[in-house]
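Welcome! Let us walk through this model together, one group of side chains at a time.

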Amino acid sequence: LSSSSGLTHESHRKDVEQVYLRCSEGSIEWMYPTGALIVNLRPNISPASYKHLTVCIKPFKDSAGANIYLEKTGELKLLVRDGDRSPSRVYCFGYDQGGLFVEATPQQDISRKITGFQYELMSKGIAADLHTASAPCRPCSDTEVLLAVCTSDFVIRGSIQNVTNEAEEQESIIHVGVNKLYRQKSKVFQLTGESGNWRGQIKTLLKCGVKPGDGDFLFTGRMHFGEARLGCAPRFKDFQRMYKEAKDKGLNPCEIGPD
């Protein structure tokens, strides 16, 4: 978390402050914004790898008081307009497309304003998987499923307990009962209640039309801004078949117990 306050710059309303961030994910909170911030993302990796990175930002729901631009060699491209209340909107761009320039807008009372957003740096391949609109809705091929098992942030065997649709955010929340947890990067799936059942939530696009159904699935996906996003999710019996076929041929990209 990087935090800054504009009150210390009140007498210099056109001040521009530089902020340097070394983490691959985090958040910026600018209280009482005046002037401007230049946000420099400098992850602790080789500069030669920068061209393979995508930057995504997600403004806080109550973020206000500044416009957020993509800046390169003095040219500004508006990313987030002050007052834009698009719920859960995520903005992504290539690392080599420029940096972030956050400029305060004129306010009668800056003490009531806080501009803030989360950010994530990821490889362009992962970003493409997360933000290709058709990806979560299209059934994965056998090869894609087997690769997802090896590379996903979470891999679980479970059933759909319920689906909650959020029309405003154009998303569906899949409430999953977990029968076996193979892997999870964050503690999204946890033991709940006295029964000791594992449960968790996975988000996907509303237009994919996910509905509750019988049977077990193999759920895979990525963590994105602290939320589990659905990737490949074949029926578990189909996964067992494709895993056995690949293993018999020595073509499975990684080992995982299918039972």
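Lysine 203 is buried, at a relative accessible area of 13%; here buried means under 20% relative accessible area, exposed means over 50%, and partly exposed lies in between (1.4 Å probe, protein chains only). Through salt bridges that share partners, Lys203 belongs to one network with Lys61, Glu169, Glu171, Glu227 and Arg229. A salt bridge is a side-chain nitrogen of Lys or Arg within 4 Å of a carboxyl oxygen of Asp or Glu.

Before going further, a word on the ground rules. This is a predicted model, in which local features need pLDDT of at least 70 and side-chain atom pairs count only at pLDDT 80 or more, while totals for chains, interfaces and linings use all residues. Residues are numbered from 1 along each chain as its sequence is written, and side-chain values use heavy atoms, with hydrogens and water left out.

How confident is the predictor? The pLDDT, its confidence in each residue from 0 to 100, has a mean of 85 for the protein chain, and 88% of the residues reach 70 or more. Over residues 8-12 the pLDDT is below 50, and this stretch has five contacts in the model beyond near neighbours in sequence; a contact means heavy atoms within 4.5 Å.

**Salt bridges**

The count of salt bridges comes to 12. Three of them are listed here.

| Aspartate 153 | Arginine 222 | 3.8 Å |

Glutamate 171 lies in strand S12 (residues 171-184) and lysine 203 in strand S14, so their bridge ties together parts 32 residues apart in sequence. Helices (H or I, at least four residues) and strands (E, at least two) are DSSP runs, numbered from the N terminus. Glutamate 171 is buried, at 8% relative accessibility.

Aspartate 216 is partly exposed at 21%, and arginine 157 is partly exposed too, at 25%.

Which residue bridges to aspartate 153? The partner is arginine 222, and the two link distant parts of the chain: aspartate 153 sits in the loop between helix H2 (142-151) and strand S11 (154-166), and arginine 222 in strand S15 (residues 217-224), 69 residues apart. Aspartate 153 is buried at 11% relative accessibility, and arginine 222 is buried at 15%. The side chain of arginine 222 also has a polar atom 3.0 Å from the backbone oxygen of threonine 151.

**One side of a helix**

In H2, the buried residues are Val145, Leu146, Ala148 and Val149. They cover an arc of only 155° around the axis, which puts them on the same side of H2; the arc is that of the directions from the helix axis to the C-beta atoms. What covers these buried residues includes S11, S12, S15 and helix H3 (236-248).

**Aromatic pairs**

The whole structure holds six aromatic pairs. Rings of Phe, Tyr and Trp (its six-membered ring) pair if their centres lie within 6.5 Å; planes under 30 degrees apart count as stacked, over 60 as edge-to-face and the rest as tilted. Tyrosine 69 and phenylalanine 101 make a tilted pair, 6.4 Å centre to centre with 55° between the planes. Tyrosine 69 is buried at 15%, as is phenylalanine 101 at 14%. Phe236, Phe239 and Tyr243 form one aromatic cluster.

Terms used: pLDDT is the predictor's confidence in each residue, from 0 to 100. A polar contact is a pair of N or O atoms within 3.5 Å; within protein, one must be able to donate a hydrogen and the other to accept it, and residues adjacent in sequence count only if both atoms are side-chain atoms.
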